[in-house]
Amino acid sequence: MANLRKLQEEIVNSQIWKSIFRVGIPNTNRKRVLAVLGSLILHLHPVKVRRSGVRMSYTWCMGGTSFFLFLVETVTGLLLMFYYRPTIEYAYPDIMDLREQAPFGIMREMHRWGAHAMVIAVWLHMFRVFMTGSYKPPREFNWNVGVVLLVLTLLLSFTGYLLPWDQLAIWAITVGSNMARATPGAGNEGPMSGLIKLGDVRLIHAGDDARFALIGGRSIGPSTLLRFYVLHCMAIPLAAGFLMAIHFWRVRKDGGISGPM
Amino acid sequence: MTFIKDFINVLSAASISFVLLSSVFAFIVYFNLFDGKLKSKIGGGFIGFGALLIVAGLFIKPLLYLGITYFLIMFVLAHLGGRLWDHKTGLWMLILGGGFFALSMLDGNFYLIAAKPDNVPIAAMIFLLGFFTWVALRKAYLNDRQMLAGGIPWEKTESDEKLFTWPDLVYTEMLCMIILTIVMIIWSVALRAPLEEAANPTSSPNPAKAPWYFLGLQEMLVYFDPWLAGVVLPTLIIVGLMAIPYIDTNPRGNGYYSFRERKWELGIFLYGFLVLWSFLIITGTFLRGPNWNFFGPYEYWDPNKLVPLVNVDLSEIIWVKMLGMPLPKLWVIREMFGIIFVLGYLGLPPLLAIGPFRRFYQKMGPPRYYVGTFLFLFMMSLPIKMVLRWLFNLKYIVHIQEIFFNV
Amino acid sequence: MRTGEAWTGEARTGEAPVLHKDGPNSVKPQEPIPHNYPMPRLNAIFAWSALGLLFATGLMVAYDYVRGWKWFQVEFLRIQQQRIEAELTAAQAAANKDQLKALDEQIDQQTMAIAAHRNQYLIAQKELDRQEGRHYAADEDYRFAKAVLDAKRYEAEAANLQKASDRAAKQREFEAMTKRVNDLQLILQQVTRDRDAAKERVNQWLKKIDDAEAKKKDLNAQIDLLTKQLETVDLKRPNNLLLNLPMLDFISPTLKIDQVVLPDLFVDVNYMHIPRVDRCQTCHRAIDRPGFESKKEAARLSAELQKKLDTYQIAAEKRKDTEARIAQLKRIQDAPEDILNPWRTHPRLDLFVGSASKHPLLEFGCTSCHHGQDRATEFGRAGHVPPNPKMEHRWKGTWNVAHRQWGWEENEFNESPMFPRQYYEAGCIKCHSNQVQVNTETDRRTAPGKVAGDDVTKAMQTVELYGCYACHKISTWRFTDLRKPGPDLTGIAEKTTPEWAVRWISEPHDFRSTTRMPSFFYQRNMIGPYVPAGEKAQNIRNQNAEIHAIVAYLFAKSTHRVWQAPPSAGDAARGKALVESVGCLACHVQSEQIKDEKTGEIRLARRDDYPLERNYGFNFTGVGTKTHPAWIYNWIRNPKAYYSEAPMPSLRLTDQEASDITAYLMSLQKPQFMMKRVDAADPKAVHDLAKGYLLNTMSDVDAEAKLKSMSMNDQLVYLGQRSIEKYGCYSCHNIQGFEGLKPIGTELTIEGSKALHLFDFGFVHKYQHESGKTEEVQHNVPSWIYNKVRSPRVYDDQRAKGYNDKLKMPNFHLSEEEARLITMVVAGMTKDMVASNRVAAMDARNRLIEEGRKRVSQHNCRACHIVDGSGRAIAALISDTNFLPPDLTPEGGRAQSPFLFNFLKDPTTMKIRPWLSVRMPTFHFDDQETNALVAYFANEAKAPMFDTTRVANPPAQNIAIGREVFTMLRCSQCHSTAPVNPENPPVPDIANAQSLAPNLTLARVRLRHEWIPDWIRRPGEMIPSTRMPANFPHDNETGGFKSPLAGAIDTPAFATQKAALLPYFHNDEKELRRTMSDAVALTDYLRDYIWSIGIKEMRPAGEGGVTVTPLPSMPAAPAPKTGALEKAPRPVGAGKALPVGVGQAPPPVPGFRPTK
Amino acid sequence: MSEEITPYQVVPKTPLAGSAAAEIRDQGEISRRSFPWVLTIAWTTLSAALGGLASILGRFLFPNVLFEPVQKFKAGPPGDYSVGEVDERWKDKYGIWIVRNEEMMYALITVCTHLGCTPNWLPSQNKFKCPCHGSGYYRTGVNFEGPAPRPLERAKIFIDPADGQIVVDKSVQFHQERGEWTNPDSFLKV
């Protein structure tokens, strides 16, 4: 008993421990402050937070959940890239092999369900923020950043939807991407775009309209797969990561987690 | 048993359930505004509406169902009164709903759809939304009562209570992470991610659905052309969301749950978010079957089901049906009425500014007012078009295929 | 009291702060601070959630570790373990204790001996060590020097090349080095010799011990091997446990997934074809390992192998292995429990999966033939399909390896489910679709009983016979450019009467129980149990109307050539005799009565009572009722005159024979058929149906007007045309006005790949088949097809369809077996692709062979002949094998191509077996077709197409020797050598059947030069059923042949011959004896003799057989004004020619009244 | 709405220590400031769980099946190989030299034991020479020059009883320095 306590002391006071956790057990206010200030991850937080900000019943913890799910997606997604090739001949068999033989192919399940959960979490987050009117000054800008993040989340999920390259995937994307066809003035079936002509050559056609730009072809095909893969694994995550940094920083600068102004 | 199922099948038909939800929605949300007098007055209005439905129902069966349910709900709500908010009644109703959902799982057809791995999260979302709406409104209600009694909202009381991030916040966060991880793992073990046969460009599955979070849009596509439902409206949704902080200048209700202080914002937002977005997603997921036909929750998705989907344009209604003459060749003339209608609709804001919305106009000032009402009108165009479709099979108000311009 | 803290975790406020006092054993003062949630509670939650996380992690690991396939591997290991343990105990029991003991003693003694002379031994040992040292050094010197030498050589060369100043020096160095290396080599060799000597000395001591050790090793080899195997198999051994531990099972697990990658047998992922990755053997562990057969299989195999052993079909060096294998199979049969799937060996390792087979596992995998999901590693996902409902129910049982319940459920996402057991051979079609015969003749020779490939071969033959290809386009080589299966109807009026035709169409089976003409009318979806009464009545009226309409159309459009009547009234009795003797019955069956083998009572015949070949021609039953003498007479004399595509050949009947046969056939009457009541077409039905068609193109008013303008008969004819279109009669029959229309049915070329959801199962799960049997429809493609062909209209049950929308496929009344075969073909027609190198029989030779085979099956040669190993249906009718048509298996190697060509075109050019009463008919082959057949025979025997041996002239002395041998072997007992007229040789004494043999003077123009001696040596092997005696029995020692004359030549019996022969051997008796014992030499001499007496030429093919051309066509009789049936019958005098036209009834049959 | 409403006001700023009190009360029951069992358990289990997750990531890196070219192949009957020749026909496809001398055949794996380059067979100098660092091997595969630490490896080679063809199995390798070349599977008596 006592020895255990001694051991604990030993560890906590050892140089190694101290070198990592600058302060010992933060049991004095000063240490508590240092604990937060002294760590890269924690210092996103202010030293002190408004009580309601800690309260589940108030925040529903949805923002944090979204962020955590983003991390989950990053890790599992990264692992999946080991066993996945974004080409029309191998995409499907590779996914199949994740189920049939790959060790811990369950990562795919986690990735997919995580994606669904993230979309929901982000919505609820927005819902809550609106219900507490937390978009009002001085938080207008952060609300906008949030909206963009919401859109990015949807795009992430959308681009990822194609990658298994099964019937579910391509038809969902076909239906989803066909809307771009109707972009006014930019899609080959959009209003007015029929009027954009050179002589009697239509300038906007299936080969060069908004949808083409999105899927890199007249119909879903190899280039779509590759494009979505790149968007899904590089472009959007980077953008989202960057905006998240801003988002968090602003949360703190704008007076902590919501709360009355 | 089967009667209940049929009842629900009919009731959940997009047209009925949508009208029901929209009307009852107002009642539920604005409930905590009512003091006795107002309640009786408005309640009377609602009852009148219900009676109307019943009468119509004598001729059209679905409407009868609608009317009956409508009355039931009204009765329940009126009876519950404020207890919906200040006691856990709402929660109980949710739990009951959950129980009913679980019970429905015994029905083969229901199970087939609801138990699809990809649909599970959406089912979960229904309840999360319900729960959080309730939480929010309840807290709003409590705060409002406090403020009515001259107090201050709960959040304010502790607004200057500060806690140390370490350990309080950090600790809670860690716990959340751990628990979430557990949830994710168990979910993944319990449900296999779906994998269908290899992509095949030549045979499309029936129904071919977009990812579930876009099913709202896909549902809109039934009523609007792609360029509106698929491009313009989504853009406006995003723009609208971003514009909110700049349009809504109401300084109160900032950082705490309150309803009284933000009736309009909340009303509109909830309607848009719950009814126009979430509800449409749920319909698109659970109630749209092969050939995008509508199926009640207990119906079998029969690919051979046939439903007449004949629609007419406004121009046809007016020129052919009313005036009994052929459609004019020139589209400007042909679509004259439609164009006038649309322009008229978009021209409403100034009229409203001097009319009912005068108060807003003065409070917000022209730019805010116009942007706001413009967005609002666009939002409302969806339900309006839906109702028009159901009532008159109206396809297009303006139909200029010459330039793909259809409204 | 504030509401709601119960549901939020907030603590109450407003309590006074209680400052904390240090405890006795506390270290630091804890500053009290406010908390939102009380710490202890958070700590508790933390502890619990941490536990939860740990649990979840474990759960994930378990989930990943427990995989379906592992159960099968564990179970298989258990089976192996039992095996090995049993064998091990047996081996230990058998081990020779005494011998081992003796050896041990030997070792001990020798060690003693060494110990006794220890120092000597040590000296030797030391010496050896020293020598080893020296050798090492010398060797090293040598190697290093050599390396230097290479370098020096290079320097010298380089210097030379660059004309360097010091190149002379370099050259010298190089030479010096060379010398040095040579010296070192000599030294090395010397040292090596010393070393070896030393070693030898040491070995003298050790030798005995080593030998003993070696012996012991041999004795224990078996046991050691088994113990080793046991180690790897026994899962309970700690190391196996360790290797299969959850997180460590990547190091080298004993439970692991096996796969084979097949780059040229593709999987189609719609966008492209990718290599197949089969993992079936992950669970089917023993599939390619002999020794895990089922008991039944083991019995079959051992019998088979034993047979091969006994018939010396196994090479001498392999015999031992084979015996071992048989022993193993015997063990399996005696084993306590039978091995079940999926742990069994593949039943035909000799053809599939086996490494030496034609389809080794590493090259062909499993799913390329069986279909199913490659890559899958779990039962359900692999696409297993239960062959029958019973099994399906078992499979659906919750997972239980012991009871082989797999929790199976149908997986609609699997695009190529496996073929159920009864359709396995459908998998062959993918690569063998351009073959008539999937397996080779040797396959069939070597394996007794059912041979892989026979099923699918027969299946394709069945599809051809029933003419499925006519209505359903099947664009594979096998089913293209085949003739229309049904007879030509452009001249139907010349052949029969409307009365008969109406009855025939409404139910062919009433007329002939074995006919292949399917029933189109009055089927289950028209009058079946599910059709409401009112509708049923209407349907009957409509169907009747359609039938009359079709007949009306056919007769209206028919030609009316006049056929000359038989010159003389024939004798039916003689006719019958002829029919039974000349070979008609090879393709035709005489009556539809048959005696049931089992019950022994007389019943109606079914098609499957006879081999396919005998169903080729129609059944004679009632032919007299169907047609009239003039037509029969002309038809049997020259079928081609009636229509050029007629499959019936000409038997070159004389006028008399023809008349006799006609008389006989006319005597085969079936009056009760014509008495069947048939109503006249209901005008309203006709009107309505016709109008229905008209409405497609015109308005109601116009349609009515048009119909008014038409007479009843015109309406009938119009409706007839439409109905023929509707039912696609023209797909099988030539009909005027329907030339070149595309067939009516769905194309079947890739039917097997059609997605399941595209098959309309209607509402059918269980149904009662026409035969009264209750059938269950499983939800898979083969089952759908099977029930479709069994009962084509069944999927209309309980459907409310318009009259013209109902299913139209006619009912062939297929037996279950026939249905199975047809299903096999249709299910096998998939869109799967394989690389061109995998497609069977694509080389030039095989193409020629297959083209020939296609014709063999088209012309039904197998009805009379055995062609590559199978056929001769006629054998069932001819008891005495001496009078059977010849076996053509070796024909290619036997007959010279020119002869074959002549003979096929015109069999009258040579009568080889004059004693046969069965006639080789004249087929009127054109040159191209004849060539195809000749090429086929030649190529199949790997014999040259054009051989010039006919002009070979043997030296006189060979002939002389040959003649002597000929007499000595008494060949003349059977073979006549008297010159004869090849077209009409004398018939030998039939009574003495033993003496029936071809006249040898015909050999030279007919037989191949190199074939004759070979044949004489081993007739039995070439044609098992031959009467030719084997004069040169097999010699099992040498594998050659014994000669009967070897000793005999010295017997007094042959004194004269010996005397005559000696001169040819320079009077050297030894030489003579040597030759006489040399089978090859003797047979060659015989050949030369036979060659010498042969005629040199034969008549080229004439037009072949008599031909009859129709008399000049008479003006077509006017088409009947009203319904064809209203005409009263007019008697027809037999014998005199009358224009046979519409409205002509057959001779009046007592009691027959044409219906009004 | 039976109960009456008691409006709350801003609570005067007091060191709000409600739950601290609770905490102390709780701890008052168990021996105060005693060793934090709960936390210790929590942390240990957590670290165990995290360890587990980490090792799962590790395991994830080792696939259960490989899509490498087959390790086992048929090399035709022994008659195809002439005595005293180093046969290179399988070098490109399977990375194997088949060497046949008077009394035996063996299969050498074409991987230099130094740093895994592929040596060349130089018939003129009758040796394998590695281009990377000049290691040289005799025809037997024994190294004699350059940095190569040990001889080339031999692959399992045997005759398929079914059809009398040579089978080479690269997955089984024999090292000379371990004295495995005496193993009957490492060569073929001819």
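Visitor: How are residues and chains labelled, and what pLDDT do local features need?
Guide: Residues count from 1 along each chain as its sequence is written, while chains are lettered from A and ligands numbered from 1 in the order in which they are written. In this predicted model, totals for chains, interfaces and linings use all residues, side-chain atom pairs count only at pLDDT 80 or more, and local features need a pLDDT of at least 70.

Visitor: What ipTM does the model score?
Guide: Two scores come with the model. Its pTM is 0.87, and its ipTM is 0.90.

Visitor: Which helix gives the largest share of the side of chain A that touches chain B?
Guide: Residues are in contact here if their C-beta atoms, placed from the backbone, lie within 7 Å. By that rule the contact takes 82 residues from chain A and 69 residues from chain B. Several elements of chain A each supply at least two residues, including α3 (29-37), α5 (62-80) and α8 (140-162); helices (H or I, at least four residues) and strands (E, at least two) are DSSP runs numbered from the N terminus. The largest share, 15 residues, comes from α7(A).

Visitor: Which residue stands opposite Arg50(A) in β1(B)?
Guide: Strands pair if DSSP finds at least two bridges between them. β1(A) and strand β1 (residues 162-164) of chain B pair in the antiparallel sense over 3 bridges. Opposite Arg50(A) stands Lys162(B).

Visitor: Which residue of chain B is in contact with Ala169(A)?
Guide: Neighbours within four places in sequence are left aside here. Among the contacts of Ala169(A) are Tyr161(A), Leu162(A), Leu163(A) and Pro164(A). From chain B comes Ala199(B).

Visitor: Which element gives the most to the side of domain 2 of chain C that touches domain 3 of chain C?
Guide: An automatic or database assignment sets the domain bounds, with domain 2 at 260-437 and domain 3 at 454-484 + 748-838. Their C-alpha centres lie 26 Å apart, and the contact takes 26 residues from domain 2 and 27 residues from domain 3. With 6 residues, the element that gives the most to the domain 2 side is α12(C).

Visitor: Why do β5 and β8 of chain D each have one side without a neighbour in the sheet?
Guide: The open sheet holds 4 strands in the order β5-β6-β7-β8 (chain D), with antiparallel pairing. One side of β5 (120-122) and of β8 (143-145) is left without a neighbour because each stands at an edge, with a single partner strand.

Visitor: Where in chain D does pLDDT stay under 50?
Guide: pLDDT is the predictor's confidence in each residue, from 0 to 100. Chain D has a mean of 82, and 82% of its residues reach 70 or more. The stretch where pLDDT stays under 50 is residues 11-32.

Conventions. Contact = placed C-beta atoms within 7 Å.
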